[in-house]
Each structure stands twice: as C-alpha cells, then as structure tokens.
Amino acid sequence: MKRIWVAAAILVLLFTGTMIHSFYISSVTEQITTILHEAEIKAENGEWESAMRLTETAQEKWSVRDAYLHIMLRHNETDNVYTGFREVAEFIQCQEGGEYSAANARLIAELELLAEAEQLTLKNIL
C-alpha cells in the first residue's frame, strides 16, 4: 500500500511541476509579446529609438531566464527566438518598416507557438 501512495505522490508532484512550468512560460511569453506589440506601434509612428529600447527590454526579459529556458525547452526553439530578436533589431537599426513588421510578427508568433506547445492540452498529448 505504501508503494501506491509514493507513486501517487510522485505523479501529483510531476503534474504540479508541469502546470507551474506551463503557467510560467505563458506568463513570460505574454509579457514579451506585449512589449513587442508596443515596439511595433512605436516603429509605425516613426519612433525608432523607442522601438529599439522596447525590443531590447523584451530581449533582456528573455535573456535573464536563459538557463531555465535552455533546460526546459528545446534548444532549436530558444535559438529561433534569439535569431528573431537579432533580425528585428537589425531592421529597427536600418529603419526598414515593412521588413521590421514582418520580422516582429514572426518573433511574436514564435513566442506564442512556444507557449502553446508547453500547455497541457489534448493536442499536445496526442
């Protein structure tokens, strides 16, 4: 009987950890995508310096969690996000509106898909 309780406790612990991780990733990506949307608005208004500062803030929020993200997520996904930040920053520096908007949209989509992939849904289980 003791083995069943230990097994149940381990299962509950794993489930709780999964839910905390899922919530954390969703929270982080939501914060970052909100900042990137604000940067998009600034760029559309010609405020390129503000757009760059906001993008740097978003990248810093991602970077401070680097160790956790590399441990818990697939490296390919985290690498794609870093590549996206570099691409967006380059287009801001060149003040290329159309290319910036497209790159920023790709980066936001990448973050949203990453958060979706970490959710406990039937789609992700099957």
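Colleague: Which residue forms a salt bridge with arginine 74?

Modeller: This is a predicted model, and every value here is computed from it. Side chains of opposite charge can pair when their charged atoms come close. For arginine 74, the closest N and O atoms are 2.7 Å apart, and the cut-off is 4 Å. The partner is glutamate 77.

Colleague: Is glutamate 77 buried or exposed?

Modeller: Buried means under 20% relative accessible area. Arginine 74, at 48%, counts as partly exposed. Glutamate 77 has 15% relative accessibility, so it counts as buried.

Colleague: How many salt bridges are there by this rule?

Modeller: Arginine 74 and glutamate 77 form one of them. Another joins the side chains of glutamate 47 and lysine 42, at 3.5 Å from N to O. Glutamate 47 is partly exposed at 33%, and lysine 42 is partly exposed at 30%. The count comes to three.

Colleague: Which helices hold glutamate 87 and arginine 106?

Modeller: The side chains of glutamate 87 and arginine 106 meet in a salt bridge, 2.7 Å from N to O. The pair ties together parts that are 19 residues apart in sequence, because glutamate 87 lies in helix H4 and arginine 106 in helix H5. Glutamate 87 is partly exposed at 29%, and arginine 106 is partly exposed at 45%. The helices are H4 and H5.

Colleague: How far apart are the end C-alpha atoms of H5?

Modeller: H5 has 21 residues. At 1.5 Å a residue, they should span 30 Å. The computed distance agrees with this: 30 Å.

Colleague: Within what arc do the buried residues of H5 fall?

Modeller: The buried residues of H5 are Tyr100, Ala103, Asn104, Leu107, Ile108, Leu111, Leu114 and Ala115. Seen down the axis of H5, they line one face of the helix, because they fall within an arc of 135°.

Colleague: Which exposed residues does the face of H5 turned away from its buried side carry?

Modeller: The buried residues of H5 have a cover that includes H1, H2 and H4. The face turned away from that buried side carries the exposed residues Gly98 and Leu113.

Colleague: Which residues touch the most other members of the largest nonpolar core?

Modeller: In soluble globular proteins, nonpolar side chains tend to be buried together. The largest nonpolar core here has 27 residues. Helices H1 (2-44), H2 (48-63), H4 (75-94) and H5 (97-117) each give two or more residues to this core. The members that touch the most others are Ile32, Leu36, Trp62 and Phe85.

Colleague: What is isoleucine 32 in contact with, leaving aside its neighbours within four places in sequence?

Modeller: Ile32 is one of the core residues that touch the most other members. Leaving those sequence neighbours aside, isoleucine 32 is in contact with Ala58, Lys61, Trp62, Phe85 and Leu111.

Colleague: How many aromatic pairs does the structure hold, and what are the planes of tyrosine 24 and tyrosine 68 doing?

Modeller: The structure holds three aromatic pairs. In the pair of tyrosine 24 and tyrosine 68, the ring centres are 5.1 Å apart. Tyrosine 24 is in helix H1 and tyrosine 68 in helix H3 (residues 66-72), 44 residues apart. Their planes stand at 85°, so the pair is edge-to-face.

Colleague: Where does tyrosine 100 lie, and is it buried or exposed?

Modeller: Tyrosine 100 pairs edge-to-face with tryptophan 48, with ring centres 5.9 Å apart and planes at 75°. Tryptophan 48 is in helix H2, 52 residues from tyrosine 100, and is buried at 14%. Tyrosine 100 lies in helix H5 and, at 1% relative accessibility, counts as buried.

Conventions
Residues numbered from 1 in each chain as written. Predicted model: local features only at pLDDT ≥ 70, side-chain atom pairs only at ≥ 80, totals over all residues. Heavy atoms only, no water. Core = buried A, V, L, I, M, F, W, Y, C linked by side-chain atoms within 4.5 Å. Buried < 20%, exposed > 50% of the residue type's maximum accessible area, 1.4 Å probe, protein only. Helix = DSSP H or I, 4+ residues; strand = E, 2+ residues; numbered from the N terminus. Contact = heavy atoms within 4.5 Å. Expected span 1.5 Å × (residues − 1). Arc of directions from axis to C-beta. Phe/Tyr/Trp six-rings, centres within 6.5 Å; stacked < 30°, edge-to-face > 60°.
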